[in-house]
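Me: Please look at the model shown below, and let us work through its aromatic pairs and its helix packing by question and answer.

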Amino acid sequence: MPIALPPLSWPVLAPLLIVTGAGFAVLLLDLAPPQNRKGHLAAAGVLGLAGALLASAILWGGPASTFQRMVVLDDFALFLNAVFCLSTALVLLLSVGYVRRQGIEAGEYYILVLFAAVGMMLMASALDLLVIFLGLELMSLSLYVLAGFFRARPTGNESAMKYFLLGAFASGFFLYGIALLYGATGTTNIIQLGAALAAPGAGRDPLILAGLALLLVGFGFKTSAVPFHQWAPDVYQGAPTAVAALIATGSKAAAFAALLRVLVAMRAVQPDWVILLWLMAAVTMTVGNVVALAQSNLKRMLAYSSVAHVGYMFVGLAAGPALGGAAVLYYLLVYSFATVGAFGVILLLERPEPAGEEAVELPEYGGLAARHPVLALVLTICLLSLIGLPPTAGFVGKFYLFSAAIQGGLVWLAVIAVLNSVVAAYYYLRLIVYMYMREPEGEGLRAVLTPAAGLALALAVWATFHLGLMPGAVFALAQRAAAPLLPQ
């Protein structure tokens, strides 16, 4: 008896399949010579990501199509695919040379980075809570291993264990929330869930509200929002710096992508989640920035800084998808370039003794501008973008976010966000003061700049200025990407 197969729309999965194919190609190339140098694996990975980026550009603006109503390829997913491909490619370029110097060069490293990117892309395209969970696990499992790649260091093991526990909490809350929502509505499809929530009285069903609250807790862990951020700085400190950059950018962007789709489904209970997001934004911004003031370890400082930036993006979410959706997408892009650039400079600087050890303490950066002016300038540009000063992209990104909050009637939240930006300026400018106005101590830091890393930093700086000086075209793309989330 012939078995009838359901119609499958494979082009929907094209960007995902390209990156997956690149991951398997890297797996095979790892068996080929040269066995003692793995830079060609990074090149293969970057080519795969470039292919996925090209496919996303070709498919841009076309009709949204779905794969069994579980995965969708719309402009929202395509825009975020570009964010994931760009940030992952920059991380791969920065990793060439870095992992060798740190004694952790292995083919698995590049494979796991690519599979983490596949998980991110799957989360952004998911139309079903179970598919979001699959993408979340694929991304998280890859990052757990990458966070512990410094296997011989106690801090590396601590980083992997704490990141695993954070992820386990997130998965537990997320799955329990899915179970409650399925029990209340009989579906895990996001569109059908939105329709069920729009039914009279459904928005006050305790089972549904409990399920949605547990989903938000799960997303809180994955975005490192307060109070779920506790171990995030330990993870950043113990993980390889290139991996910390990927966690700070790609994984957060993936979590925000899935969260935006879920919040749209929750439109029927919007008055409740706006209050919740308002509080999470205010507390996350303030705690992240205030605690960052006391950090002298740069990786921990950037970790708390990333917590604060999550708070800024919650400001856009609180304004609602219609006003804040495009602003959040644009901010995810500009934040990714600045953050990868800042981490990129840090991973290129080493202490003279012991040789090869990363320089992550603030006093070590005294007089850096005199010894390594180009790297100091790149780090300064990235920090100015993170502060939100013109003409960098960070200024435009914050302008769009805060404007959305004001248009949405969240004036006090916008005021709190601006005040937090002023607080954040202190710890970013403190590092710049050390680089330009302090005398060098000791022998100074050693810079190990590879051509691949130089290309990554040049792209980050170019994007930071381009998106700051000419934001119109890219923000128009972000607005078009957010359109599928709006009521038709």
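Me: Are Y427 and Y428 buried or exposed?
Reply: In this predicted model, the rings of Y427 and Y428 have their centres 4.6 Å apart and their planes at 50°, so the pair is tilted. As for accessibility, both Y427 and Y428 are buried.

Me: Which class of aromatic pair do F169 and F221 form?
Reply: The structure holds 18 aromatic pairs. For F169 and F221 the centre-to-centre distance is 5.9 Å and the angle between the planes is 25°. Planes under 30 degrees apart count as stacked, so the pair of F169 and F221 is stacked.

Me: How many residues apart in sequence are the parts that the pair of F169 and F221 ties together?
Reply: F221, with a relative accessible area of 14%, is buried, whereas F169, at 43%, is partly exposed. F169 belongs to helix α6 (residues 154-185) and F221 to helix α8 (residues 206-223), so the parts tied together are apart in sequence by 52 residues.

Me: How many nonpolar residues does the contact of α3 with α18 have?
Reply: Helix α3 (residues 75-101) and helix α18 (residues 451-469) pack at about 145°, with their axes 7 Å apart. On the α3 side the contact includes L90 and L93, which meet residues of α18 including A452 and L455. By class, the contact has no polar and no charged residues, and the number of nonpolar ones is 10.

How values were computed: Residues are numbered from 1 along each chain as its sequence is written. This is a predicted model: local features need pLDDT of at least 70, side-chain atom pairs count only at pLDDT 80 or more; totals for chains, interfaces and linings use all residues. Side-chain values use heavy atoms; hydrogens and water are left out. Axes are lines fitted to C-alpha atoms, for helices over the stretch in contact, and angles run from 0 to 180 degrees between N-to-C directions. Helices (H or I, at least four residues) and strands (E, at least two) are DSSP runs, numbered from the N terminus. Contact means heavy atoms within 4.5 Å. Ala, Val, Leu, Ile, Met, Phe, Trp, Tyr, Cys and Pro count as nonpolar, Asp, Glu, Lys and Arg as charged, and the others, Gly among them, as polar. Rings of Phe, Tyr and Trp (its six-membered ring) pair if their centres lie within 6.5 Å; planes under 30 degrees apart count as stacked, over 60 as edge-to-face and the rest as tilted. Buried means under 20% relative accessible area, exposed over 50%, partly exposed in between (1.4 Å probe, protein chains only).
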